[in-house]
Amino acid sequence: MAFEAAWLVVGRQVKYGFATPSTMKPTQWSYPGGSINQIPGQASVSGDCRLTPFYDLNKVMAALQRYVEELNADLSMLPTRGPVSKYSL
């Protein structure tokens, strides 16, 4: 993922003994109800981004916005668990 490549570890994290690097994770998924085998027409994912204090917050926010725009433009770029788990509407 682009976030991990750009924001995972900087030298000062090691120098100051940070036990974990910066992270970005999905924490909530929501979609309209339907039957168990129905592919929803829309879905929302919310997440959590935690940064060590060595980054320019404006640059990180701009990068996150760019990542979301790239995903929204082409959801087929997301990894899957095999050929039968990928659906593009």
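**View 1. P83 sits in the segment after α3 (57-73).** This is a predicted model, in which local features need pLDDT of at least 70 and side-chain atom pairs count only at pLDDT 80 or more, while totals for chains, interfaces and linings use all residues. Residues are numbered from 1 along each chain as its sequence is written, and side-chain values use heavy atoms, leaving out hydrogens and water. Helices (H or I, at least four residues) and strands (E, at least two) are DSSP runs, numbered from the N terminus. P83 counts as exposed because its relative accessibility is 79%. Exposed means over 50% relative accessible area, buried means under 20%, and partly exposed lies in between (1.4 Å probe, protein chains only). From C-alpha to C-alpha, P83 and T23 are 29 Å apart in space. In sequence, 60 residues separate P83 and T23.

**View 2. An annotated span covers residues 20-72.** The unreviewed UniProt entry gives this span as "domain: Peptidase M20 dimerisation". Such annotations may be inferred rather than shown by experiment; their positions follow the numbering used here, and feature names are shortened. The end C-alpha atoms of residues 20-72 lie 29 Å apart. The span is 30% helix and 28% strand.

**View 3. Y16 and F54 form a stacked aromatic pair.** A search of the whole structure finds 2 aromatic pairs. Here the ring centres are 5.9 Å apart, with 20 degrees between the planes. Rings of Phe, Tyr and Trp (its six-membered ring) pair if their centres lie within 6.5 Å; planes under 30 degrees apart count as stacked, over 60 as edge-to-face and the rest as tilted. The pair links distant parts of the chain, 38 residues apart. Y16 lies in the loop between α2 (11-15) and β1 (23-30), and F54 in the loop between β2 (44-50) and α3. F54 is buried, at 18%.

**View 4. F18 and F54 form an edge-to-face pair.** At 37% relative accessibility, F18 counts as partly exposed. Y16, F18 and F54 form one aromatic cluster.

**View 5. L75, M77 and L78 make a nonpolar surface patch.** The patch has an area of about 290 Å². Patch residues have over 30% relative accessible area and no salt bridge; like charges are joined within 9 Å, nonpolar side chains (Val, Leu, Ile, Met, Phe, Trp, Tyr) within 5 Å. A salt bridge is a side-chain nitrogen of Lys or Arg within 4 Å of a carboxyl oxygen of Asp or Glu. L75 lies in the segment after α3. L75 is exposed, at 55% relative accessible area.

Conventions:
Areas by Shrake-Rupley, 256 points an atom, 1.4 Å probe, with all protein chains shown as cover.
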